[in-house]
Amino acid sequence: MEQKLVLKAHGKINLGLDVVRRLENGYHEVRMIMQSVELADIVTIKKSAEDNIVIRADQKTIPCDERNLAYKAAKLMKETYGISDGVEIFLEKHIPVAAGMAGGSADCAAVLKGMDELFCLGLTLEELQKTGVKLGADVPYCLMGGCALSEGIGEVLTGLKEPPECVLLLVKPDINVSTKYVYRNLKLETLERHPDIDGMMRDIENGALESLCEKLENVLESVTGKQYPVIGKIEHVMKEEGALQAVMSGSGPTVFGIFKETETARKAMNKIREKGLAREVYISGFFHGKNNP
């Protein structure tokens, strides 16, 4: 039986994000195309003889108590499956924090999978997802990974073919965005257009990268982009420097640009840094593997 596991927790971007309607319980019905990226946190999980949960991280700003989704995941697994051993979890953070890239949900998913393996529970992906959705709407997707259509509040998932290879430039400006604020201030009734999610799925199926890029859109940008003009400035620089398209991910503030070549993406990265638009800038790509346990 394994005593220690080291797992990659991949971040995500939203190639398309549409909000269909506001639900009576305060949540929103969404229709999104999610895509894993190569940029990933490293999550190390090991057993401990004492019946407790210890979280550590390589960044001082990360809460290492019950506020952390990784802690909540470990606690829920212990309670649900009667695990008496404790666990020690170390988070090596690479995904920007509070950035619209599901870093916390990815770490949470890694802990769920890790504890399933460490304690030989033999859970299916569906069983892990039923547990994960109790902790956050993005967790079921992070358990699956790859490219997927996400519906409902984000928990109804349909796997899609992987999009064509490309180079991603991920840029997180030095601002913090409240997801609750963004959704609360989204004026659905005044939106003049919605992303063509069905058209995007056809482009993915056909491997049509340029046509797909023309359709990339995120309705939440109507709120976050208005509140923080730096998002539009970053997108403008990316497009000027050769991006096929540049769009905000999730509720923001991370912006991703899609490029055909690494060198072009690198020039855009240098220009963004020169202009002082962001310090957290990463060259990445689509992660074409699956996160299935």
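Visitor: What is the order of the strands in the open sheet, and which pairing does the sheet have?
Guide: The open sheet of four strands runs β9-β10-β7-β11, with antiparallel pairing. Strands are DSSP runs of E with at least two residues, numbered from the N terminus, and two strands pair if DSSP finds at least two bridges between them. This is a predicted model, in which local features need pLDDT of at least 70, side-chain atom pairs count only at pLDDT 80 or more, and totals for chains, interfaces and linings use all residues. Residues are numbered from 1 along each chain as its sequence is written, and side-chain values use heavy atoms, without hydrogens and water.

Visitor: Why do β9 and β11 stand at the edges?
Guide: β9 (245-248) and β11 (280-284) each have a single partner strand, so one side of each lacks a neighbour in the sheet.

Visitor: What makes β7 and β11 a pair?
Guide: Strand β7 (residues 167-172) joins β11 in the antiparallel sense over five bridges, and the criterion is at least two. In β11, Ile283 is the bridge partner of Leu169.

Visitor: Why is α9 called oblique to α10?
Guide: The axes of helix α9 (residues 230-240) and helix α10 (residues 262-274) cross at roughly 140° and come within 9 Å. Angles under 35 degrees count as roughly parallel, over 145 as roughly antiparallel, 65 to 115 as roughly perpendicular and the rest as oblique; therefore α9 is oblique to α10.

Visitor: Which residues make the contact between α9 and α10?
Guide: Ile234, Val237 and Met238 of α9 meet Ala268, Lys271 and Ile272 of α10, where contact means heavy atoms within 4.5 Å.

Terms used:
Axes are lines fitted to C-alpha atoms, for helices over the stretch in contact, and angles run from 0 to 180 degrees between N-to-C directions.
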